[in-house]
Amino acid sequence: MASITDCVVEGLKYPFNDIKKLLGFGVLFALISAISTFIGFVSIDIFRATMHMVEMTNTTASQLSFSQLPLGDIYLVTVLGVVGFIITLFIMGYQYDIVKFSIDKKEDFPSFKDVKNIFIKGIKYLLVSLAYNIIPILFLVGGVTLVHDSSILLIIMAISMLLFIIAYFLLIMALNNMVAYDSIKKAFDFNEIMDNISNLGWGKYIGIILFTIIVMMIISVAVGFILSLITVGFAETINNQALIVSVVIAIIEGLFLNSYITVFFNRVCGSIYRESIK
């Protein structure tokens, strides 16, 4: 049985097996990053325009008519949000395939050709992720909505965080089980999921995931530092055009960093499942 280090090291090497497809995957993250950055700037403009209208009409934001709002910007944000969601589904579907390739111990990258199938897998990935997080979400939202005592709220938030952590560790094996059998029902086969984790050992299972997350954080911090230096130099070159600088840096980050750590993490997840069924 492979050690924790073996699984992580293999995951770190795997993205370099096909740089072309890695960058192709990175284009999706670059688009998401650029869209998110642009939505952020436009949302600020919407807020400013709304507050200006509130001051001009001496009313509140909720009392403004729809026609008084900056509709062009609102429609733009809505369209970009929909496009971003579609791209996210494609990313999730491709993650599904990366895990499958890892479970099958394939050294190449999945293909991008079957777009429809990738989207369907992305929907499955999203639904299972939401299902496993629904209890922590409802507990947190319900607690914040119904409880007004600050001390009790802190307890609720702490319990919610614990529930999210438990859900996260179960979700990883659930997604792996779904991918292995290509069946969404297998994501909720709790007996098999728990057996797989027990076969690997809870200590090793949690250890691999935590170690992988730590490695991802180290990589992100290192790349983030380099990007911050690039940002300073780039900002001086184009006279501090904030939107342009932010979009360019977001694209670079999505293209190289986000694609790499996503492929790395999902490769390790597949390796975890492969080890758990030996």
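Trainee: How many aromatic pairs does a search of the whole structure find?

Mentor: The search finds twelve aromatic pairs; the model is a predicted one.

Trainee: What makes the pair of Tyr 14 and Phe 109 stacked?

Mentor: The ring centres are 4.8 Å apart, and a pair needs centres within 6.5 Å. The planes meet at 10 degrees, and stacked applies under 30 degrees. Tyr 14 and Phe 109 are therefore a stacked pair.

Trainee: Which parts does that pair tie together?

Mentor: Tyr 14 is in the loop between α1 (4-13) and α2 (19-57), and Phe 109 is in the loop between α3 and α4, so parts 95 residues apart in sequence are tied together. Tyr 14 and Phe 109 are both buried.

Trainee: Why is the pair of Phe 90 and Phe 119 called edge-to-face?

Mentor: The angle between the planes is 70 degrees, and edge-to-face applies over 60. From centre to centre the distance is 5.3 Å. This pair also links distant parts of the chain, with Phe 90 in helix α3 and Phe 119 in helix α4, 29 residues apart.

Trainee: Are Phe 90 and Phe 119 buried or partly exposed?

Mentor: Phe 90 has a relative accessible area of 10%, and buried means under 20%, so Phe 90 is buried. Phe 119 has 24% relative accessibility, which falls between the 20% and 50% limits, so Phe 119 counts as partly exposed.

Trainee: Which residues do ring pairs link into a cluster?

Mentor: The cluster consists of Phe 25, Phe 29, Phe 90, Tyr 94, Phe 112 and Phe 119.

Trainee: Why are α3 and α4 called roughly perpendicular?

Mentor: Helix α3 (residues 71-103) and helix α4 (residues 115-146) pack at about 90 degrees, their axes 7 Å apart. Roughly perpendicular covers 65 to 115 degrees, so the term applies to α3 and α4. Among the residues that meet are Phe 85, Leu 89 and Phe 90 in α3, and Ile 118, Phe 119 and Ile 123 in α4. By class, this contact has 13 nonpolar, three polar and three charged residues.

Trainee: What makes Asn 258 count as buried?

Mentor: Its relative accessibility is 19%, and the limit is under 20%, so Asn 258 counts as buried. Asn 258 belongs to helix α8 (residues 242-276). Apart from neighbours within four places in sequence, Asn 258 contacts Phe 29, Ser 33 and Glu 253.

Trainee: How do you know that the charged end of Lys 106 sits over the ring of Phe 101?

Mentor: The charged end of Lys 106 is 4.6 Å from the ring centre of Phe 101, and the distance limit is within 6 Å. The charged end of Lys 186 likewise sits over the ring of Tyr 181, 4.5 Å from its centre.

Methods
Residues numbered from 1 in each chain as written. Predicted model: local features only at pLDDT ≥ 70, side-chain atom pairs only at ≥ 80, totals over all residues. Heavy atoms only, no water. Axes fitted to C-alpha atoms, helices over the stretch in contact; angles between N-to-C directions. Helix = DSSP H or I, 4+ residues; strand = E, 2+ residues; numbered from the N terminus. Parallel < 35°, antiparallel > 145°, perpendicular 65-115°, else oblique. Contact = heavy atoms within 4.5 Å. Nonpolar A, V, L, I, M, F, W, Y, C, P; charged D, E, K, R; others polar. Buried < 20%, exposed > 50% of the residue type's maximum accessible area, 1.4 Å probe, protein only. Phe/Tyr/Trp six-rings, centres within 6.5 Å; stacked < 30°, edge-to-face > 60°. Lys NZ or Arg CZ within 6 Å of the ring centre and 35° of its normal.
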